Amino acid sequence: MRVNHVGEVCAQALYQGQALTARNAQAQAALERAALEEQDHLAWSAERIRELGGRPSLLNPLWYAGALAMGAAAGALGDRWNLAFLAETERQVEEHLTGHLGMLPAADRRTRAVVAAMRADEARHRQSALELGAAELPAPARLAMRLASKVMTTVAYRV
């Protein structure tokens, strides 16, 4: 759950940064809505961490600052690329959450419910970005995002 919590810290910051630099009012509103929903996910995952006796990542301020800067940079590229970044982020998050669900014990219904609800919201965010005209990110950009995510999840698991 700590990794999921860090993901929500990053998602919230990404979308806030993207909304700051969005040019189109509809894109900005979609990003602001997504950021607000990520606040729910952040609260759900923080609560579940507490219930399981864990702790959030000690690096959350660093994760937030880095993600905010990346979001603002994505927005500076223009709305089609900004929305492409949103869509690809959510696609990768959905994939991660699906994998997490596959590893969770069937008896852990509470965690499964939280992760499933988060996954459904992420799918909706991705669909919204596509409907608003997201471009398709080039393969090297998708790979860079995947590698950055792998570093984040590996470090967040431990720190």
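**Questions about an all-helix model**

Reader: Leaving aside neighbours within four places in sequence, which residues is His5 in contact with?
Author: The model is predicted. Contact here means heavy atoms within 4.5 Å. Beyond four places in sequence, the contacts of His5 are Leu42, Ser45, Ala46, Ile49, Pro56 and Asn60.

Reader: Is His5 buried or exposed?
Author: His5 belongs to helix H1, which covers residues 2-21. Buried means under 20% relative accessible area. His5 has 7% relative accessibility, so the residue counts as buried.

Reader: How many helices and strands does the protein have?
Author: Along the sequence, the pattern reads α-α-α-α-α-α. Strands number 0. The helix count is 6.

Reader: What radius of gyration does the protein have?
Author: The chain has 159 residues, and a compact globule of that length would come near 15 Å. Along the principal axes, the C-alpha atoms fill a box of roughly 45 × 30 × 30 Å. The radius of the protein agrees with the globule value, at 15 Å.

Reader: What share of the contacts joins residues 24 or more positions apart?
Author: The count takes contacts with a separation of 6 or more. Residues 24 or more positions apart account for a share of 82%.

Reader: What percentage of the residues count as buried?
Author: The protein exposes about 8,100 Å², and carbon and sulfur atoms supply 62% of that area. Burial is counted over the 159 residues. The buried part is 44%.

Reader: Where is Gln28 found, and which residues does Gln28 touch beyond four places in sequence?
Author: Gln28 sits in helix H2, residues 25-51. Gln28 counts as partly exposed because its relative accessibility is 28%. Not counting residues up to four places away, Gln28 touches Ala19 and Ala22.

Reader: How far apart in space are Gln28 and Asn82?
Author: In sequence, 54 residues separate Gln28 and Asn82. In space, the C-alpha to C-alpha distance is 9.8 Å.

Reader: How many salt bridges does a search of the whole structure find?
Author: Side chains of opposite charge can pair when their charged atoms come close. The protein carries 18 positive and 17 negative charges, with mean positions 6 Å apart. The number of salt bridges found in the whole structure is 11.

Reader: What separates Arg48 and Glu51 along helix H2?
Author: The two side chains meet in a salt bridge, 2.7 Å from N to O. Arg48 is buried, with a relative accessible area of 9%. Glu51 counts as partly exposed at 39% relative accessibility. Arg48 and Glu51 are 3 residues apart in helix H2, which means a separation of about one helical turn.

Reader: Which helices does the salt bridge of Glu94 and Arg126 tie together?
Author: In this salt bridge, the closest N and O atoms are 2.6 Å apart. Glu94 and Arg126 are 32 residues apart in sequence, and the pair ties together helix H4 (residues 79-103) and helix H5.

Reader: Is Glu94 buried or exposed?
Author: Arg126, its salt-bridge partner, counts as partly exposed at 23% relative accessibility. Glu94 has a relative accessible area of 14%, so Glu94 is buried.

Reader: Which residues do salt bridges with shared partners join into one network?
Author: Glu51 pairs with Arg48. The network joins Glu47, Arg48, Glu51, Asp108 and Arg110.

Reader: How far apart are the C-alpha atoms of Ala134 and Leu83?
Author: Ala134 lies in the loop between H5 and helix H6 (139-158). Along the chain, 51 residues separate Ala134 from Leu83. Their C-alpha atoms are separated by 4.6 Å.

Key
Residues numbered from 1 in each chain as written. Predicted model: local features only at pLDDT ≥ 70, side-chain atom pairs only at ≥ 80, totals over all residues. Heavy atoms only, no water. Helix = DSSP H or I, 4+ residues; strand = E, 2+ residues; numbered from the N terminus. Rg over C-alpha atoms; globule rule 2.2 N^0.38 Å. Buried < 20%, exposed > 50% of the residue type's maximum accessible area, 1.4 Å probe, protein only. Areas by Shrake-Rupley, 256 points an atom, 1.4 Å probe, with all protein chains shown as cover. Lys, Arg positive; Asp, Glu negative; His and termini not counted. Charge placed at Lys NZ, Arg CZ, Asp CG, Glu CD. Salt bridge = Lys/Arg side-chain N within 4 Å of Asp/Glu carboxyl O.
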